[in-house]
Amino acid sequence: MKRLLVLLVVLLSFAVVFGGGVVEIFSWWTGGGEEEGLFAIFEVFNEWYPDVEIINATVAGGAGFAAKAVLKTRMLGGNPPDSFQVHGGMELIDTYVVTGLMEPLSDHLKEWGIYDKFPSAIMDICSYNGLVYSIPVNVHRGNVVFINNAILEDVGIERVPDDWPGFIEVLKKIKDAGYIPLALGDKDKWEAAHLFESILISTLGAYNYNGLWEGRTSFDHPGIEEAVDIFHELMNYVNDDHAALTWQEATRLVFDGEAAFNVMGDWAMGYLKTLGWTPGVEFSWMTVPGTKGTFMVVTDTFGLPKNAPNRENALKWLKVIASVEGQDAFNPIKGSIPARVDANKELYDDYLVWSMNDFATNALCPSIAHGSAAAEGFITALNDALNLFIANQNKAQFLRTLRNAAGEYVY
Ligand code: GAL
């Protein structure tokens, strides 16, 4: 026993003197294309810091619907992980920064010589009072339709219109041909909100959509009601079992040749690739009807909680995710573009090059469902209200709930 204790003390001192130890990284990337990207960045970390062991703390569930609650409990309970996945924008700022739970990272970025290597639009939503509080590893695009090419060919559709009436005509044809026109899996609710916010960007336009969060656009704007009508119409073309499926299971319907379209963020692209598809071969893509020229931004970032148990190792992790090497290992698999402006574009497929070009030139709109545009309370209210709307189709009730939520959490 005594010998064992001595050995333990020796090992611990060794770890303190020579680095080593562990780092706990918290995320919701657990498979279906997500974990593959995470593991690729872990590999870079292991190369850079072979003596530090990563504890991969994940809570499954797309968009972090389950992870976020666990994280909040840990953070408020004084038991933070060393670093955690968080969306830039309100999810970071409102939940963790204004509450004083995070360390600023600006000085570290300067020390690493990369403070100016990120797009300002992304850095802005990772900052508060002039200080950066999280480091973006990627930019996902939310307003995308993924398309099964073989089904379109079979039904004889050569071009998919990018206005809603034309798109709905195509949905009808696909339905008549016996396929599921639009794959949806809203088991975790946020997936319906994801579809709805994509429509909202089309009916409001980027300027008015952004105005909702900047105090310029009222929640009485007719574009909101219009979005509800389109959403309602689309429900005639989704799979019957949508409420039982996750986003991966819905994307899988496209892969399995059962559904023609899936409106999803481009993590679905990462998933299709890990299933074995090549962008532009078995599947193609387009912006959600009416949203050409607009890029719905979803950005995954990592921060440093105050009192991180392994702070030095957390900084090592942040250095890796901030690096070109880390981002170029992660993003081509994850289906996102790198946040670093100086990444190696050669490593990215046709889809991602398309996304990069659009990101650089389009109007940017922060996502609601993925934490950037609005506070958590608003997101929960929207998710619940949409869920109820799908069941009872009561538009007046939905609009009332939405406006009340805006009054409480946005204005
Ligand atoms: C988003 C996240 C993406 C992806 C997606 C589905 O919120 O930003 O990286 O994980 O959820 O889980």
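The exercises below work through the domains, pockets and cavities of this structure, each with a stepwise solution.

This is a predicted model, in which local features need pLDDT of at least 70 and side-chain atom pairs count only at pLDDT 80 or more, while totals for chains, interfaces and linings use all residues. Residues are numbered from 1 along each chain as its sequence is written, and side-chain values use heavy atoms, with hydrogens and water left out.

**Exercise 1. Locate the largest pocket and describe its lining.**

Step 1. On a 1 Å grid over the protein atoms alone, a pocket is an open set of points with protein on both sides within 12 Å along at least five of seven lines, a cavity is a set where a 1.4 Å probe fits but cannot get out, and lining residues have an atom within 4 Å of a point. The largest pocket has a volume of about 430 Å³, a volume being the space filled by probe spheres set on the points, which are joined across faces, edges and corners.

Step 2. Its lining has 26 residues, and Phe65, Lys68, Glu376, Thr380 and Asn383 lie nearest the centre. Helix H16 (376-392) is one of the elements that supply at least two lining residues, alongside helix H3 (67-76) and helix H4 (90-97), and H16 gives the largest share, 5 residues.

Step 3. By class the lining divides into 11 nonpolar, 7 polar and 8 charged residues. Because domain 1 and domain 2 both give residues to this lining, the largest pocket lies between them.

**Exercise 2. Describe the second largest pocket in the same terms.**

Step 1. The second largest pocket has a volume of about 300 Å³, and of the 17 residues that line it, Ile125, Asn210, Glu214, Pro366 and Ser372 are the closest to its centre.

Step 2. The lining has 14 nonpolar, 2 polar and 1 charged residues. This pocket also lies between domain 1 and domain 2, because both give residues to its lining.

**Exercise 3. Characterise the largest cavity.**

Step 1. A search of the whole structure finds 4 cavities of 30 Å³ or more, and the largest cavity has a volume of about 90 Å³.

Step 2. Among the 14 residues of its lining, Trp28, Glu34, Ala63, Trp267 and Lys334 lie nearest the centre. The lining draws at least three residues from each of domain 1 and domain 2.

Key: Helix = DSSP H or I, 4+ residues; strand = E, 2+ residues; numbered from the N terminus. Nonpolar A, V, L, I, M, F, W, Y, C, P; charged D, E, K, R; others polar. Domains from an automatic or database assignment.
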